[in-house]
Amino acid sequence: MTRKAKLLGIFLVTVLAMVVLLIGCAQPSPTPSPSPKPSPAPTQSAADFYKNNTVTIVVGFSAGGGTDTAARLLTAFWTDVTGGSVRIKNQPGGDGILGANAAYDAKPDGLTLGVYTIGSMASGALFKDPAVKYEIGKFTYLGLFGQEAECFGISVKQPAKTMAELQQVKGLKFGSTGKKPEIGLAMVIRLFALQGAYIVPGFPSTPEAGLAAGKGEIDGTAASMSSIKAEVDKGFLKPMLTLDYKKSPWYPNQPTILELIKPTADDQKLLDIYMPLISGRLLFGPPGMPEDRVQYLREVLVKIIASDGLKQMAKAYWNTVQPAVPGAEVAATMAKLKSIPESEIAAFNKVVDSYIRR
Amino acid sequence: MALDAFLQALHNFASLELWLVIAAGVLVGLIFGIIPGISGLTAAALLLPFVFKMSAMQALPMIIGIMSAQYIGGSITSILINVPGDPGNSATLLDGYPMSRKGEAGRALGAAFTASTAAKFLTVFLTLAMIPLILPIVMTFKIADVAFVMLLGISFIAVLGARSMVKGAISGGLGLLISFIGTHPATGIERFSFGSDYLYDGFPLLPVIMGMFAIPEMIQSAKEGNVKVGSQAVIKGMRDVWRGVTDVIHHWRVFIASNVIGYLIGVLPGIGGSSAAFMAYGQAKQLSKHPDEFGKGAVEGVIAPESSIVSEQAGAILTTLALGIPGNSIMVIMLAAITGLGLVPGPEMITRHLDLSLTLVMIFLAGGIVGAAICFALSPYLAKVASIPNQILIPLVLVITAVGLYAADERIMDVLAALFFGLLGLGMGRFGYNRPALVLGYILGDMFERNLFLALNIDGPLFFFKPISMILIAIIITVFAYAPVKGLLSKRRKMS
């Protein structure tokens, strides 16, 4: 056998061995279960279970992003509260949907959880993103944290100082970074009857939309309060409207939607779909988790969010750290969203789409 | 005011604790940079829970230390085993590995470490010069202009084509097409993914790069046999490494130009790091008196990408601080630490808090010095890797590649995708098509398409009718026309 043939042979054998080894060792992460069944009754208390086992939190985004950072904030205090260990598993793809799918399909023993933004999780399912394989009514919701309202801001180059003045301007261009800001901007355009206004999707992040607004290329954007405030501080945007029913601690003098307009019955239906999709991160598990572990984890989340250490660290991200919304309340909100007739969802989607320029 | 801030920043370095934290970050960055598939970003993300519990003046030096060392670590594997330790080091292997095969591994390492460290020195002065300019520059470049900067980068694709500009352009076009697989970056519409979850966001970067470079080169090495070591041994100790150091001084024009290109790309948000290295490589090749030597072991082919990737990072630090737009993923973590200090990234970071911003840039330099010192000390021994027989080296590299690919996101599909691109790369090499051109087209395609979409929807079909865009279009035409016109003129000279 020639030298070249030998080397080629070594190469081919190595490659084959590698592939077989990796397929064999490939972690089926997490264990898929097409019809998740409830776990059998546990034999140890939930507290002991989590003390003695490692929890995996699936994050559907790459390391370093906002949701990943929020999840890692939780893990920084997990051991202090539970005595056990936790690890983050980044599973990026589909704007977080693939991670949510993976957490949905995981074994429901309470050792695999997920973190995702509530708006993206709900809108992905409601507006029937083809990649979504979960049902929002079936997750085990442990709680919502890091919540904050959305804010509508306009470019500093735009002379209008109030929404009433803005209503006189025709052909406004707004930039959006994803589905939820698109929905917020669509609400603003519709409720305030901004003539000729439209939405340009595709900005990679709020800072880049803010920069474009600062240059005068677009007239405004919508995003979470903390994101808009950062752009206001840079001198790119002026905050105009809190996209919530309640005032925001960031801008307590800023009007809310209901302070400025009286929605019609049709508009109220749109708001009923939009309002639950506020900014915030969900901690959740797959369907069918044991009830005692669910209750325990809900308490753990409340404790972590209430801890002084996390509040200190998270201040920079969320201004004031609101108490975690209990899992049961989140489950009720999602069930309510799920119960909205498909015709109303389709009508909502049509309204939003009508303002988007593609 | 800038001078006062500079002196205050220098004063901040009189702390042993600061140097220790930087050194710790550098070590982590070097180790993670060397291991293919696990980059400095992974290191920073893994450290995040600990970083949260540190003070910002411990966290920031740690993160920047990691950043400053990741590419210098990544250049080691690029040069020695043709596998980029970090995607940003992909352009280095184009000439770094051929140098290693020629028995000049020490020289290549010396050139890479020197270019990287010298670039860090230069960027301190570039930063001082750019402070009054950064906001006006960034505010002047519109979205359409950024799209044309990317098109300029793509125009280098034709230049990178080894034998044929046409084949280079075809390769780049193929890279663009591959970048279109997955959801549209702006509208979210799925294209060419055939319902596959894996392809929902298109092919990830790592399998494309590892597959295009590592696998075909290993097969090529297997065919060619072992490195010609002979009496001109790979290792002549520090003499060989020193030659690489002097190469950077000798090719100072390439060094300066690459730094300027990298810094400007880093300053402009949205373009990204890997493209800086390839663009600098392209300009070095285009302006070289011996362009045919590129791809076969030209030392400028190592100097250009290694300096530009460093200056790109420094430019991105400034934009991250001044505008709060992270230049890359690791900057996101740096931003988190800065906000933890109670500071808001924005214009105030280059006015009221200029001393802090300059301290961060100088931490980047300090990290580079520490990293270079470690690498230089190890380089004569590292260069010995090139003399490992192929029977051991090739399977080792392939296993490292596969493990690195799997470690990134724990998906076996990444390994299989790399195999696919490896076979594609093999075929491209066989028929004279250019693999770096495909990779550059792939890297820039997504960002170019997004910016083009935004420009069209904001400004309409005449989006290019802007002064900067028109200048960039003129440069692009020049880049394409340069070689043919040069050839025509030299033919006429010979005839007359």
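Two strands count as paired if DSSP finds at least two bridges between them, and the strands (E, at least two residues) and helices (H or I, at least four) are DSSP runs, numbered from the N terminus. This is a predicted model, in which local features need pLDDT of at least 70, side-chain atom pairs count only at pLDDT 80 or more, and totals for chains, interfaces and linings use all residues. Residues are numbered from 1 along each chain as its sequence is written, chains are lettered from A and ligands numbered from 1 in the order in which they are written, and side-chain values use heavy atoms, with hydrogens and water left out.

**View 1. The five-stranded sheet of chain A.** Here you can follow an open sheet with mixed pairing, in the order β7-β6-β8-β5-β9 (chain A). The edge positions belong to β7 (198–200) and β9 (237–243) of chain A, which have a single partner strand each, so one side of each lacks a neighbour in the sheet. On average, neighbouring strands of this sheet are turned by 30 degrees against each other, direction ignored; axes are lines fitted to C-alpha atoms, for helices over the stretch in contact, and angles run from 0 to 180 degrees between N-to-C directions. Strand β5 (residues 150–155) of chain A pairs with β9(A) in the antiparallel sense over six bridges. For G153(A), the bridge partner in β9(A) is P239(A). Helix α7 (residues 179–191) of chain A packs on the sheet, and its direction makes about 165 degrees with that of β7(A). Contact means heavy atoms within 4.5 Å, and α7 touches β5, β6 (173–175), β7, β8 (220–224) and β9 of chain A.

**View 2. The six-stranded sheet of chain A.** Strands β4 (residues 140–148) and β10 (residues 279–285) of chain A are antiparallel partners over six bridges, and E148(A) has S279(A) as its bridge partner in β10(A).

View 3. Look for T56(A) bridged to T112(A), and T117(A) bridged to R281(A).

**View 4. The surroundings of T82(A).** T82(A) lies in helix α3 (residues 66–82) of chain A and counts as buried at 5% relative accessibility. Its side chain reaches the backbone nitrogen of G84(A) at 3.0 Å. Leaving out residues up to four places away in sequence, T82(A) touches K51(A), Y296(A) and V300(A).

**View 5. Confidence along chain A.** The mean pLDDT (the predictor's confidence in each residue, from 0 to 100) is 84 for chain A, and 86% of its residues reach 70 or more. Confidence is highest in β6(A), at 96, and lowest in helix α1 (residues 3–25) of chain A, at a mean of 62. Where pLDDT is low, the predicted coordinates should not be read in detail.

Definitions and conventions:
Buried < 20%, exposed > 50% of the residue type's maximum accessible area, 1.4 Å probe, protein only. Polar contact = N/O pair within 3.5 Å; in protein donor to acceptor, adjacent residues only side chain to side chain.
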